Amino acid sequence: MSDAILSTQALTRLFGGLAAVSGVAIELERGKLHAVLGPNGAGKTTLINLLSGDLAASSGSITYKGEDITRQSADYRSRIGIGRSYQKTNIFPAFTAFENCRLAAQSRAPRALHLFADADAYVPVTAAAGRALDAAGLAGRGDRVASALSHGEQRQLEIAMVLATQPDVLLLDEPLAGMGAEEAALMVELLRKLAPGHAILLVEHDMDAVFAVADVITVMVNGQVLESGPPAQIRASAAVREAYLGTDPVGEAA
Amino acid sequence: MKRKRIALVAALALLALFPLAGAGFYTELVTKVMILAIFALSLDLLVGYTGLVSFGHAAFYGVGAYTLGLMAPKYEAASLWLTLPAAMLAAGMAALAVGVFVVRVKGIYFIMVTLAFAQMFYFVFHDTKFGRGSDGISMNFKPVAAIGGFTPFDLSNTTHVYYFVFVLLVAVFVFLRTVLRSPFGRTLQGIRSNEHRMRSLGFPVYWYKLASFTLAGALAGLAGYLSTLQFGFVNPELLSWHQSGNVLLMLILGGVGSLYGAVVGAFAFVALSEIFQSLTRHWQLLLGGAIILLVIFLPGGLASVAGRFRRTLFGGAHDV
């Protein structure tokens with residue numbers, strides 16, 4: 001097979017009688033940004049939840065670096081290098097932005113038995129937190145309480161926290177949602193920077209952004225993969241155009 | 001920060017000098033309050049810092065108390081250095097065994113399951129030969145603190161007991177403050193704030209909650225031990241759900257999620273109980289009313305009073 005780092009085989013998730021994700025096979029490779037498109041209810045977020053372990057698969061399997069992780073917990077998957085961000089901001093609102101990232105970084109060096117150590121004095125973790133804040137464009141905002149950050153900044157913090165866990169795989173659920181134009185441009189820039197060292201799965205509604213950064217695009221409809229391939233192929237696909245994008249030309253702006 | 005330090009030093013000095021006033025009744029009363037403060041501190045680790053609202057914490061207080069009652073020989077004194085660690089160990093092990101089951105569930109279910117376990121403990125001591133039934137156990141001799149031939153303090157002397165408890169209260173306070181700043185303590189606070197995100201960041205939340213529950217149980221066991229040490233007897237009421245409820249009320253009075261709050265709450269709870277008891281036989285009505293008013297008008301508890309007062313006078317940001 002290919003050099004996929006994370007792949008799924010016939011992955012399916014049922015909610016009652018509804019198959020939110022049905023028979024999905026998808027592969028993520030290091031150095032490639034794989035975008036998932038689809039109308040609302042296509043199963044994009046459910047797919048991320050299955051990959052991250054927030055939801056259990058009904059059938060099918062997930063393989064990560066040769067290991068079957070289908071039944072593994074979310075925290076285990078995070079520890080072995082699968083990081084995710086959330087569509088709805090999911091942070092520690094009462095903590096500072098820095099502490100949000102410091103906690104995230106601490107998960108890589110838990111030191112749980114160092115009961116008499118000051119968590120703030122452990123440089124490997126605090127340095128990683130600082131780097132993550134900088135990378136996500138929040139340099140200088142570390143002292144702010146997270147709930148006092150603007151919505152766009154909270155979205156950036158969401159990304160910073162994933163980065164602080166130093167993952168190999170990034171599962172990003174609509175990272176640009178609710179961001180202003182300037183912040184969105186910065187995020188696209190960040191995605192470009194991250195792509196070479198990571199395997200990225202990006203769920204995003206912003207077409208311009210998707211066609212600008214994606215190496216591979218998968219289009220989902222009703223829980224199934226409609227088509228998967230390089231951006232040019234998706235742009236040219238009649239099936240995609242018909243099923244999802246209407247009759248407008250796709251990604252012209254990109 | 002500076003004002004806080006001055007207040008702390010003043011409070012410590014007051015407690016340290018209190019027995020010199022020579023009022024025996026009040027020395028014993030404050031000893032009792034300091035024991036309850038340790039109990040409240042142990043619960044605050046769960047409620048205020050891990051987000052686990054336990055309604056069965058008296059079970060571990062009771063296990064600690066009974067450990068001394070059961071270990072004390074009939075015709076001689078038990079050793080403090082043996083029985084005290086044994087009580088904390090027994091309470092910690094009991095909490096570990098209960099925790100394995102209860103930390104899996106959340107919210108209202110956690111409250112009810114901890115209550116159910118505590119009731120089971122209550123009936124074990126109330127209805128079996130092992131616990132000697134509803135009369136409990138009287139301890140004929142106070143434990144001795146002898147190390148070899150040397151006895152540094154005398155636990156049948158109420159002033160010595162006062163200072164022994166005072167030192168332990170300070171030790172527990174400092175211990176918890178230190179632990180809460182450690183990576184472990186920060187993790188617990190993250191779990192309280194957003195357990196779901198902690199899991200997705202890679203923290204094995206279950207084990208952290210179990211460790212917190214066990215540690216809180218061991219510290220509650222210390223408080224229970226000290227109660228037996230002070231009063232010389234145990235009965236099943238130590239484990240009753242009233243006791244679990246009272247310690248929760250102390251936290252709410254003082255301010256959940258503040259170590260100062262736990263200590264202030266213990267003092268406030270006993271002070272209010274004593275004052276209302278001196279006024280009327282129906283004192284619990286007054287106590288209930290006072291608690292309702294406090295919760296409505298002072299949701300941060302008494303520990304938030306100083307901050308509110310300062311902000312009203314000088315302005316400035318909220319403490320975070």
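The expected span of a helix is 1.5 Å times one less than its number of residues, and helices (H or I, at least four residues) and strands (E, at least two) are taken here as DSSP runs, numbered from the N terminus.

The structure is a predicted model, in which local features need pLDDT of at least 70 and side-chain atom pairs count only at pLDDT 80 or more, while totals for chains, interfaces and linings use all residues. Residues are numbered from 1 along each chain as its sequence is written, and chains are lettered from A and ligands numbered from 1 in the order in which they are written.

**Helix H4 of chain A**

Helix H4 of chain A covers residues 123-135, and at 1.5 Å a residue its 13 residues should span 18 Å, which agrees with the 18 Å between its end C-alpha atoms. Which residues of H4(A) are buried? They are A:Val125, A:Ala128, A:Ala129, A:Ala132 and A:Leu133, where a residue is called buried if 20 or more other C-beta atoms lie within 10 Å of its own, exposed if 12 or fewer, and partly exposed in between, with C-beta atoms placed from the backbone. Seen down the axis of H4(A), these buried residues fall within an arc of 135 degrees, so they line one face of the helix; the arc is that of the directions from the helix axis to the C-beta atoms. An α-helix has 3.6 residues a turn, so residues three or four places apart point the same way. On the other side of H4(A), A:Val123, A:Pro124 and A:Ala127 are exposed. The cover over the buried residues of H4(A) includes H3 and helix H5 (151-164) of chain A. After H4(A) comes A:Gly137, whose phi is positive, near 80 degrees.

The table sets out some values for each chain.

| Chain | Elements | Span along the principal axes | Buried residues |
|---|---|---|---|
| Chain A | 9 helices and 11 strands | roughly 60 × 40 × 35 Å | 46% of the 254 residues |
| Chain B | 12 helices and 2 strands | about 60 × 45 × 45 Å | 46% of the 320 residues |

Chain A has 9 helices and 11 strands. Its radius of gyration is 18 Å, close to the 18 Å that the globule rule gives for 254 residues, so chain A is as compact as a globular protein of that length; this radius is taken over C-alpha atoms, and the globule rule is 2.2 Å times the number of residues to the power 0.38. From the N terminus on, the elements of chain B run α-α-α-α-α-β-α-α-α-β-α-α-α-α. For chain B the radius of gyration is 20 Å, close to the 20 Å that the globule rule gives for 320 residues, so chain B too is as compact as a globular protein of its length.

Two residues are in contact if their C-beta atoms, placed from the backbone, lie within 7 Å. Among the contacts in chain A between residues at least 6 apart in sequence, 68% join residues at least 24 apart, and in chain B residues 24 or more positions apart account for 76% of the contacts with a separation of 6 or more.

**Where the chains meet**

How many residues of chain A are in contact with chain B? There are 28 residues of chain A in contact with 20 residues of chain B. The elements that give two or more residues to the side of chain A that touches chain B are helix H2 (74-79) and helix H3 (97-106) of chain A, and H2(A) gives the most, with 4 residues. By class, this side of chain A has 15 nonpolar, 7 polar and 6 charged residues, where Ala, Val, Leu, Ile, Met, Phe, Trp, Tyr, Cys and Pro count as nonpolar, Asp, Glu, Lys and Arg as charged, and the others, Gly among them, as polar.

**Two buried residues**

A:Tyr86 has its place in the loop between strand S7 (82-84) and H3 of chain A, and it is buried, with 24 other C-beta atoms within 10 Å. Leaving aside neighbours within four places in sequence, A:Tyr86 is in contact with A:Glu158 and A:Asp173.

In chain B, B:Asp44 lies in helix H2 (residues 24-47) and counts as buried, with 29 C-beta neighbours inside 10 Å. Not counting residues up to four places away in sequence, B:Asp44 touches B:Tyr49, B:Leu251, B:Val256, B:Leu259 and B:Ala262.

**Confidence**

The mean pLDDT of chain A is 91, and 95% of its residues reach 70 or more; pLDDT is the predictor's confidence in each residue, from 0 to 100. Over residues 250-254 of chain A the pLDDT is below 50. Where pLDDT is low, the predicted coordinates should not be read in detail.
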